[in-house]
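Look at the fold before you read on. Trace the chain once from start to end.

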Amino acid sequence: MLGVPGQVNLDYAATAPCARAAADAVAELLPWYGSVHRGAGALSRRSTLAYERARQDVGDFLGVRAGDHVVFTRNTTDALNLLARALPPGARVVTFAAEHHANLLPWPAGTVRLPVPGSAGDAVRAVDAALRELRRGSGGGAPILVTVTGASNVTGECWPVAELARVAHRHGARIALDAAQLAPHAELDITALAVDYVAVSGHKLYAPFGIGVLAGRADWLDAAPPYLAGGGATLGVGAATHDVRWADGPGRHEAGTPNLLGAVALAAVCAALSEADRDALYAHEQALLTRLRSGLAALPDVVELRTFDADAPRVGIVSFVVAGRDSATVAADLAQHWQIGLRDGLFCAHPLARRLLAEAATRSGRRDLPPTALRASIGLGSTAAQVDRLLTALSAIR
Ligand SMILES: Cc1ncc(COP(=O)(O)O)c(C=O)c1O
């Protein structure tokens, strides 16, 4: 990982550091940087090849099925907005109040927003009941999309994606996975999980070059109006204003000159992760996470936020509050005096964060919890020394 010596980055969930593999791939391609899909010269041909190869490699990494599309976007927010725009007419959407705003706000009026569940089992039962109800109400046939996170950006807790996919499909619905936080931490395979769509962000996956992906079923994407209208998305344009034949395939939604360096950087990280021992990486992260959570639990004024049980599976993200202390002030103090970067606020998941703050107050019996929280998040490159530094700093700040 690239980084700055002395700075302790515990904010991977917001934006992870740049992987050496991503930086190297970009440096190697830069002399050849040229137009994609638009030129006959050697630079352009190499750039086009690199872009399409990146699409292939990212798709392989995500485990796409034959016939799925891999559309490059700017980030997860962009990917989910694209999917929202590609919903068939009359489609209904089911999601949870526990989602990041990126998976809460793009969906159309009439979307069913299920309450934050208390357990993974509750989540599955809630989706089952909601789909049964929707099927009854819609006379059976309307397309339905269930859309959920793989891992919460507030608590790190993993959602029961495979079970939700089974339930969705049993009711003839599709399921989209917001994998912004899951993909950097655990293996993700669209085919094995049997989800229909996956959205990820490069900058959370160690490839901070302004790239994201929506991967999944081709039919809705090919039938939808282009997400952006313009060059690259067309097969032909006539003289009349609306005389245009739009392309099928991922290009339909990628009008304009694409983000070649972002795609190549992301593909390089995907290749590096595919070659790595991901079980070992996961085990290392889990050990650090346990160290962090048990260290926080040992601090008398610190209260963790959580949706599910304390021992529910989770990735390397922990949100917490220091009772009696304003979270923004604590974060500023950590930055200024301890060179520790973490996040404070409601983490672009306001409904969830507010609910969890209220639940933390009830659970802890403390009446002096602040109205916003702190979040520490780790990943590749994180160390026990960094975790210990945060624990030491918090202990001193208290
Ligand atoms: C779970 C989740 N979904 C979506 C997003 C949005 O990602 P981006 O800002 O890269 O679009 C985030 C970002 O924090 C996230 O944590």
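The model is predicted: local features need pLDDT of at least 70, side-chain atom pairs count only at pLDDT 80 or more, and totals for chains, interfaces and linings use all residues. Residues are numbered from 1 along each chain as its sequence is written, and side-chain values use heavy atoms, with hydrogens and water left out.

**The sheet**

Start with the open sheet. It has 7 strands in the order β2-β8-β7-β6-β5-β3-β4, and the pairing is mixed. Strands here are DSSP runs of E with at least two residues, helices are runs of H or I with at least four, and both are numbered from the N terminus. Two strands pair if DSSP finds at least two bridges between them. From one strand to the next, the twist averages 15°.

| Strands | Bridges | Direction | A bridge pair |
|---|---|---|---|
| β3 (92-96) and β4 | 3 | parallel | Thr95 and Arg113 |
| β7 and β8 (212-216) | 5 | antiparallel | Ser201 and Gly212 |

Helix α4 (residues 120-137) lies across β3, β4 and β5 (144-149). Its angle to β3 is about 160°. Axes are lines fitted to C-alpha atoms, for helices over the stretch in contact, and angles run from 0 to 180 degrees between N-to-C directions.

**Inside strand β7**

Is β7 (residues 197-201) enclosed or open? In β7, 5 of the 5 residues are buried, so the strand is largely enclosed by the rest of the structure. Buried means under 20% relative accessible area, exposed means over 50%, and partly exposed lies in between (1.4 Å probe, protein chains only). In a regular strand, side chains alternate between the two faces of the sheet. Tyr197, Ala199 and Ser201 are buried on one side of β7, and Val198 and Val200 are buried on the other.

**The ligand site**

There are 13 residues around the ligand. Thr77, Asp178, Ser201, His203 and Lys204 come nearest. A residue counts as near if one of its heavy atoms lies within 4 Å. A polar side-chain atom of Thr77 lies 2.5 Å from a ligand oxygen atom. For Lys204 that distance is 2.6 Å, and for His100 it is 3.3 Å. Taken alone, the ligand exposes 390 Å², and the protein buries 90% of that. Such areas come from the Shrake-Rupley method with a 1.4 Å probe.

**Two buried residues**

Pro160 sits in the loop between β5 and α5 (161-170). Its relative accessibility is 9%, so Pro160 counts as buried. Leaving out residues up to four places away in sequence, Pro160 touches Ala120, Ala123 and Val124 (contact means heavy atoms within 4.5 Å).

Arg375 lies in strand β15 (residues 373-377). At 1% relative accessibility, Arg375 is buried too. Its side chain reaches the backbone oxygen of Asn153 at 2.9 Å. Beyond its neighbours within four places in sequence, Arg375 has contacts that include Leu10, Asp11, Ile317 and Phe347.

Methods
A polar contact is a pair of N or O atoms within 3.5 Å; within protein, one must be able to donate a hydrogen and the other to accept it, and residues adjacent in sequence count only if both atoms are side-chain atoms.
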